[in-house]
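Reader: I am new to protein structures. Please show me how to read one, feature by feature.

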Amino acid sequence: MTRDPQAAADKFDDEHYPAYTMGRAAEMLGTTPGFLRSLDEVKLLAPQRSPGGHRRYSRYQLRLAARVRALVDEGTALEAACRIVVLEDQLEDARRMNAELNQRVQAGGLTMPTASDSS
């Protein structure tokens, strides 16, 4: 069996690669596997499954879970904490896209519509 070293290296850099088992993820977060299952039940996380059917989590998912755990530890209800985290994540995506668009506009690669364009 030949292995592609670049493909392996790419997995280390991919924050969405499902590298962590449920047990390892719970250990890293300082929580229980049941807490991670509850995040799956409320649809915050959708972990991938190993060929044996075991949940596998990515670094991105662990960051979300850590933020939810912090909110729950502060007394926020689980469902509310999940909604807050989803909204924070969406806001970060919007800010990133806005920054990218602004860079393209400043570089002259894109023009922004004006108010008179919509009338």
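Author: What follows is a short tour of helices, a sheet, salt bridges and a few single residues.

Author: First, the ground rules. This is a predicted model, in which local features need pLDDT of at least 70, side-chain atom pairs count only at pLDDT 80 or more, and totals for chains, interfaces and linings use all residues. Residues are numbered from 1 along each chain as its sequence is written, and side-chain values use heavy atoms, with hydrogens and water left out.

Reader: How are helices and strands named here?

Author: They are DSSP runs, numbered from the N terminus: helices are H or I with at least four residues, strands are E with at least two.

Reader: What about α5?

Author: Helix α5 has 29 residues, so at 1.5 Å a residue it should span 42 Å. Its end C-alpha atoms are 42 Å apart, which agrees.

Reader: Which residues of α4 are buried?

Author: Start with the cut-offs. Buried means under 20% relative accessible area, exposed means over 50%, and partly exposed lies in between (1.4 Å probe, protein chains only). In α4 the buried residues are Gln61, Leu62, Leu64, Ala65, Val68 and Leu71.

Reader: What covers the buried residues of α4?

Author: Look for contacts, meaning heavy atoms within 4.5 Å. The cover includes β1 (20-21), α2 (22-29), α3 (33-41), β3 (55-57) and α5 (78-106).

Reader: Which residues of α5 are buried?

Author: They are Ala81, Cys82 and Val85. Their cover includes α3 and α4.

Reader: What comes after each of these helices?

Author: A glycine with a positive phi, in both cases. Glycine 75 follows α4, with phi near 105 degrees. Just after α5, glycine 108 has a phi of about 85 degrees.

Reader: Which residue has a positive phi although it is not a glycine?

Author: Lysine 43 does, at about 70 degrees. Lysine 43 sits in the loop between α3 and β2. With 69% relative accessibility, lysine 43 counts as exposed.

Reader: How do I read a sheet?

Author: Strands of a sheet pair through backbone hydrogen bonds, either parallel or antiparallel. Here, two strands pair if DSSP finds at least two bridges between them. This structure has an open sheet of 3 strands, in the order β1-β3-β2, with antiparallel pairing. The edge strands are β1 and β2 (48-49), each pairing on one side only.

Reader: How many bridges join β1 to β3?

Author: There are 2, and the strands run antiparallel. Tyrosine 20 has tyrosine 57, in β3, as its bridge partner.

Reader: How many salt bridges are there?

Author: Apply the rule: a side-chain nitrogen of Lys or Arg lies within 4 Å of a carboxyl oxygen of Asp or Glu. The count comes to 7.

Reader: Why look at spacing along a helix?

Author: An α-helix has 3.6 residues a turn, so residues three or four places apart point the same way. Take arginine 24 and glutamate 27, whose side chains meet in a salt bridge at 2.9 Å, N to O. They are 3 residues apart in helix α2, about one helical turn. Arginine 24 is partly exposed at 41%, whereas glutamate 27 is exposed at 58%.

Reader: Which residues are linked in a network of salt bridges?

Author: Asp93, Arg96 and Glu100 are. Aspartate 93 and arginine 96 have their closest N and O atoms 3.9 Å apart. They are 3 residues apart in helix α5. Aspartate 93 is partly exposed at 34%, and arginine 96 is partly exposed at 39%.

Reader: Is aspartate 40 buried or exposed?

Author: Aspartate 40 is buried, with a relative accessible area of 17%. Aspartate 40 lies in helix α3. Leaving out residues up to four places away in sequence, aspartate 40 touches Leu45, Ala46, Pro47, Arg49 and Arg55.

Key:
The expected span of a helix is 1.5 Å times one less than its number of residues.
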